[in-house]
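Welcome! Here is a short tour for anyone meeting this structure for the first time. Please take a look at the sequence and the model before reading on.

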Amino acid sequence: MNLQFITRNEEIKEQVALFVKNWESDQLYFDTRTSGSTGVPKTIRIEKKHATASARATIDFLQLQPSDQALLCLSIHTIGGKMMVVRSIVHSMDLYVSEPQANPLKNITVQPDFIALAPIQLTTILQETPERLKTIRNIIVGGGVIPEDVKQLLKQHQITVYQTFGMTETVSHIALRKVGFEQEDCYTTLDHVTVSEKNGRLCIHAPLIGIRELMTNDSAEILNDRQFKWLGRTDFVINSGGIKIQVEALERNLQEHIPGKFFIHAKKDSKFGEKVVLVMEGKEQEQYTRKGFYSFLENSYHIPKEIAFIRDFILTPSHKINRVATFDTILDFKQIRE
């Protein structure tokens, strides 16, 4: 691997160099932390042989070349950032390291062939410098769902990216699907991975990365042992008066009508047990405080009962919305009026 720093941030240089030194040492593992977007972050120990197998599977899936230039613009503290380094080492690619900012392509002269982005970075690049994405052969996006309005921007600019599916425990992603100009309905797993469904949950089998049977908190429609449609997280369910509301499904419906960043959260309610509340980033907007705006929702239980506006969401190191931390800062909820 040819390592080049295109950032002046000495802390980032030191952290990346430290990870590379650890990788080249005799130590058989490295530690990384989960994102903490929905709960308390925890440390996961990854065996280097499993990281190598994961890297080679992605390299084969995307048909990356040893002469390719990869750009690391995610935090090295995340599994996504670490695996960009591992892939570059395993496949002898040139790795350029920039700062993990909202638009990592804005002020660089390097033209990468391979890049991994968080959804918030993809959104910002499409808003500011979409032409920079058109020349990148392989773009993977992980750490969260790509919003519907961003998918439309990808189609408008005739750009295709790969939405990844995975978690820290699976050594980054285990499946990908095309989104944007070329659109796929389902995820296809990497070569060493198969999936099944047990008790309504997605089960992952990936022996080359040390996973025999990992029960996830994800609901999926299994098409075959290597393809599936992701439906949402089974632990993202709001029980309001006995009606179970799947949070991701509701958010997807809202994305078609609400631009910008938001999320749905449960709030305790003396009558219904839990109720749906909407948390939006930015200034208060009157139309979202009225019940009539949500007439496109078929189930009245899905209509938010309260709304809160926050200037800036709290993000995790991997640029996901930290739902728990953000929700805990809210001091003022507004009732959704008739």
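Which strands does helix H4 lie across? Helix H4 (residues 119–128) lies across S6, S7 and S8, and runs at about 115 degrees to S6. This is a predicted model, where local features need pLDDT of at least 70, side-chain atom pairs count only at pLDDT 80 or more, and totals for chains, interfaces and linings use all residues. Residues are numbered from 1 along each chain as its sequence is written, and side-chain values use heavy atoms, leaving out hydrogens and water.

**The sheet**

- Ten strands make up an open sheet with mixed pairing, in the order S1-S5-S4-S6-S7-S8-S9-S10-S15-S14; helices (H or I, at least four residues) and strands (E, at least two) are DSSP runs numbered from the N terminus, and two strands pair if DSSP finds at least two bridges between them.
- Strand S1 (2–5) and strand S14 (218–224) are the edges, each with a single partner strand, so one side of each has no neighbour in the sheet.
- Strand S7 (residues 138–141) pairs with strand S8 (residues 160–167) in the parallel sense over two bridges, and Ile 140 has Tyr 162 in S8 as its bridge partner.
- S14 pairs with strand S15 (residues 227–233) in the antiparallel sense over six bridges, and these strands form a hairpin with two residues between them.

**Helices in contact**

- Helix H2 (residues 48–62) and H3 pack at an angle of about 75 degrees with their axes 9 Å apart; axes are lines fitted to C-alpha atoms, for helices over the stretch in contact, and angles run from 0 to 180 degrees between N-to-C directions.
- H2 and H3 are therefore roughly perpendicular to each other (65 to 115 degrees).
- Residues of H2 including Ala 51 and Ile 59 meet residues of H3, among them Met 83 and Val 90, where contact means heavy atoms within 4.5 Å.

**Aromatic rings**

- The whole structure holds twelve aromatic pairs; rings of Phe, Tyr and Trp (its six-membered ring) pair if their centres lie within 6.5 Å, with planes under 30 degrees apart counted as stacked, over 60 as edge-to-face and the rest as tilted.
- Phe 61 and Tyr 162 have ring centres 6.0 Å apart and planes at 80 degrees, so the pair is edge-to-face.
- Phe 61 lies in helix H2 and Tyr 162 in strand S8, so this pair ties together parts that are 101 residues apart in sequence.
- Phe 61 is partly exposed, with a relative accessible area of 27%, whereas Tyr 162 is buried at 15% (buried means under 20% relative accessible area, exposed over 50%, partly exposed in between, with a 1.4 Å probe and protein chains only).

Terms used: Parallel < 35°, antiparallel > 145°, perpendicular 65-115°, else oblique.
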